[in-house]
Amino acid sequence: MHPRPVNRQAVILESRTMRDSLTGWTQALDRVKALRLLPDGVHLTTRLVADYFEVGEEAVKSIVKRHREELRSNGYQMLQGVELRRYLGSTTDLSSVPGRGLALFPRRAVLNVAMLLRDSEVARQVRTHLLDLTEPARPSSALDAYVAETARRAAEQAAEQAVERHLRSHARIIGAMSCRIARMDTALREVRSRLDTLCTLWSRRSTPDRCPRCRRHR
């Protein structure tokens with residue numbers, strides 16, 4: 001196993017694009033230590049994930065809180081209600097379940113945590129093995145270019161999303177103002193039309209001098 005420059009691991013930590021390209025290499029987990037799976041043979045709980053990485057549960061929960069959408073794309077789920085009761089019906093070893101539900105991590109989600117967890121020697125070793133597994137597919141210089149390109153794309157995507165959110169918020173305000181102005185214009189047109197109708201009726205029944213509106217325009 002060859003040592004890898006720190007910057008490559010740093011890019012894994014910072015770039016979701018890079019992480020997305022590596023989530024299929026779950027064998028990197030087994031190269032460090034064996035996973036303790038639930039009786040279903042597929043999932044780990046938050047406690048089991050924390051034990052694997054030799055960190056506290058709060059460290060794993062913090063990763064979930066900050067990267068929930070990314071983890072969900074790799075199979076993470078929080079079982080509650082009917083789904084939780086159905087799962088517990090087929091899994092008898094779980095002695096207690098928190099009231100808020102049961103978090104389940106498949107192997108891809110565990111690898112995802114390894115690519116996000118900074119303060120874990122086990123996670124660092126997983127990332128090292130991950131780079132070893134993927135390097136044969138690309139020379140070192142190509143990997144460096146790939147890392148730089150994915151980091152650049154991730155930064156550009158984040159900037160574009162920020163601008164889009166800003167413009168979207170202003171578009172809603174402008175749209176609401178436009179609708180209100182359109183309604184006011186319609187109301188004014190109706191008022192003018194009714195005044196014209198009243199003046200016409202008044203002029204037919206009386207002289208122009210008796211119509212207040214007509215007197216103002218004389």
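Trainee: Is K33 buried, partly exposed or exposed?

Mentor: This is a predicted model, and its values are computed. K33 has a relative accessible area of 25%, so K33 is partly exposed. Buried would require under 20%.

Trainee: Which side chain does K33 meet in a salt bridge?

Mentor: Start with the general idea. Side chains of opposite charge can pair when their charged atoms come close. Here K33 meets E54, at 3.3 Å from N to O. The pair links distant parts of the chain: K33 sits in the loop between helix 3 and helix 4, and E54 in the loop between helix 4 and helix 5, 21 residues apart. E54 counts as exposed because its relative accessibility is 60%.

Trainee: How many salt bridges does the structure hold?

Mentor: Nine. One of them joins the side chains of R118 and E14, at 2.4 Å from N to O. R118 lies in the loop between helix 8 and helix 9, while E14 belongs to helix 1, so this pair ties together parts that are 104 residues apart in sequence. R118 is partly exposed at 48% relative accessibility. E14 is exposed, with a relative accessible area of 56%.

Trainee: Which side chain does R47 meet in a salt bridge?

Mentor: R47 pairs with E57, and the N to O distance is 2.6 Å. That pair links helix 4, which holds R47, to helix 5, which holds E57, across 10 residues. R47 is partly exposed, with a relative accessible area of 48%. E57 is partly exposed as well, with a relative accessible area of 24%.

Trainee: Let me step back to the fold. How many helices and strands are there in the protein chain?

Mentor: The chain has 11 helices and two strands. Read from the N terminus, the order is α-α-α-α-α-α-β-α-β-α-α-α-α. Now look at the contacts with a separation of 6 or more: residues 24 or more positions apart account for 67% of them.

Trainee: What share of the residues counts as buried?

Mentor: Of the 218 residues, 33%. The chain exposes about 14,100 Å², and carbon and sulfur atoms supply 54% of that area.

Trainee: Take helix 8, then. Why is helix 8 described as largely enclosed by the rest of the structure?

Mentor: Because six of its eight residues are buried. These are A109, V110, L111, N112, V113 and A114. They pack against helix 2 (16–20), helix 3, helix 4, helix 5, helix 6 and helix 9.

Trainee: Now the core. Which residues touch the most other members of the largest nonpolar core?

Mentor: The general idea comes first. In soluble globular proteins, nonpolar side chains tend to be buried together. Here the largest nonpolar core has 41 residues, and V49, F53, F105, V110, V113 and V126 touch the most other members. Elements giving two or more residues to this core include helix 1 (6–14), helix 7 (81–90), strand 2 (102–104) and helix 9 (121–134). Helix 9 provides the largest share, six residues.

Trainee: Which residues is V49 in contact with, leaving aside its neighbours within four places in sequence?

Mentor: L44, V60, F105, V110 and V113. V110 and V113 are among the buried residues of helix 8.

Trainee: Last, the surface. Which residues form a nonpolar patch there?

Mentor: V191, L195, L198 and L201 form one, with about 350 Å² of accessible area together. V191 lies in helix 10 (residues 140–205). V191 counts as partly exposed because its relative accessibility is 46%.

Conventions: Residues numbered from 1 in each chain as written. Predicted model: local features only at pLDDT ≥ 70, side-chain atom pairs only at ≥ 80, totals over all residues. Heavy atoms only, no water. Patch = residues over 30% accessible without salt bridge, like charges linked within 9 Å, V, L, I, M, F, W, Y side chains within 5 Å. Areas by Shrake-Rupley, 256 points an atom, 1.4 Å probe, with all protein chains shown as cover. Salt bridge = Lys/Arg side-chain N within 4 Å of Asp/Glu carboxyl O. Helix = DSSP H or I, 4+ residues; strand = E, 2+ residues; numbered from the N terminus. Buried < 20%, exposed > 50% of the residue type's maximum accessible area, 1.4 Å probe, protein only. Core = buried A, V, L, I, M, F, W, Y, C linked by side-chain atoms within 4.5 Å. Contact = heavy atoms within 4.5 Å.
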